[in-house]
Amino acid sequence: MPEKSRRHPSALYLLCLVEGCERFAASAMLSLFAIYLAQQKRFTDSQAIFVVGGFLAASYLLSWPSGWVADRWLGARRTAQLGAVLLTLGYAELWTDTAASLWVALALLVVGQGLFRSAMAALVGQLYVADDVLRDAGFGHFFVAVNLGYLAGAFWAEWMRARIGWAGVFALASAVLLIGSG
């Protein structure tokens with residue numbers, strides 16, 4: 001009987017890249033979003049914080065039904081792909097910066113994040129058999145990618161905002177997500 005390989009599946013590194021890009025895009029948007037709402041959309045500080053908080057709450061709450069969609073209907077891979085498409089469209093909609101685009105973009109981002117987050121964790125879990133000792137280490141790699149993407153996104157978003165403006169921030173988020181999920 002051949003000895004089982006002690007290496008991580010190569011798909012893990014692809015999933016880490018995709019998740020890192022998604023977290024980069026999310027951080028690029030979220031790290032400055034309350035400021036964007038106050039400066040660009042003329043929200044009061046309390047309104048801006050309320051919208052950002054509601055957005056975050058809705059995205060996390062939508063992960064519950066999205067997990068059901070991934071498990072029983074579309075499968076984790078197609079759910080993640082659909083989530084990535086909706087996220088890319090949401091960031092691109094923010095980039096257009098029209099009067100109605102804010103609410104359309106937030107709706108796309110909420111649904112996209114709900115679908116994407118639940119499916120990506122399921123995809124990583126599917127790479128390993130249940131008793132595989134590498135599984136915990138694989139999730140460790142995955143969460144390092146999450147944190148590195150989030151850290152880099154906040155830094156580069158501010159750099160883009162200072163040099164190009166708000167459109168540059170949302171264009172960056174769209175481009176990175178498109179590259180990562182493409």
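These legends describe close-up views of a predicted model. Local features need pLDDT of at least 70, side-chain atom pairs count only at pLDDT 80 or more, and totals for chains, interfaces and linings use all residues. Residues are numbered from 1 along each chain as its sequence is written, and side-chain values use heavy atoms, with hydrogens and water left out.

**View 1. The largest nonpolar core holds 51 residues.** Such a core is a set of buried Ala, Val, Leu, Ile, Met, Phe, Trp, Tyr and Cys residues joined through side-chain atoms within 4.5 Å. Buried means under 20% relative accessible area, exposed over 50%, and partly exposed in between (1.4 Å probe, protein chains only). Met 29, Phe 33, Leu 37, Tyr 91, Leu 94, Met 120 and Phe 170 touch the most other members. Helices H1 (10-30), H2 (33-39), H3 (45-61), H5 (76-96), H6 (101-126), H7 (134-163) and H8 (166-181) each supply at least two core residues. H1 gives the most, with eleven. Helices (H or I, at least four residues) and strands (E, at least two) are DSSP runs numbered from the N terminus.

**View 2. Met 29 and its contacts.** Not counting residues up to four places away in sequence, Met 29 touches Phe 55, Tyr 91, Leu 94, Leu 106, Leu 109 and Phe 170. Contact means heavy atoms within 4.5 Å.

**View 3. Tyr 36 and Phe 170 form an edge-to-face pair.** The whole structure has eight aromatic pairs. Rings of Phe, Tyr and Trp (its six-membered ring) pair if their centres lie within 6.5 Å; planes under 30 degrees apart count as stacked, over 60 as edge-to-face and the rest as tilted. Here the centres are 4.9 Å apart and the planes meet at 80°. Tyr 36 is in helix H2 and Phe 170 in helix H8, 134 residues apart. Tyr 36 is buried, at 1% relative accessible area. Phe 170 is also buried, at 1%. Ring pairs link Phe 33, Tyr 36, Trp 166 and Phe 170 into a cluster.

**View 4. Phe 43 and Trp 103 form a tilted pair.** Their centres are 6.3 Å apart, with 40° between the planes. Phe 43 lies in the loop between H2 and H3 and Trp 103 in helix H6, so the pair ties together parts 60 residues apart in sequence. Phe 43 counts as buried, at 18% relative accessibility.

**View 5. Arginines over aromatic rings.** Arg 117 lies over the face of Tyr 60, 4.2 Å from the ring centre. The charged end of Arg 161 sits over the ring of Trp 166, 5.6 Å from its centre. The criterion is NZ of Lys or CZ of Arg within 6 Å of the ring centre and within 35 degrees of the ring normal.
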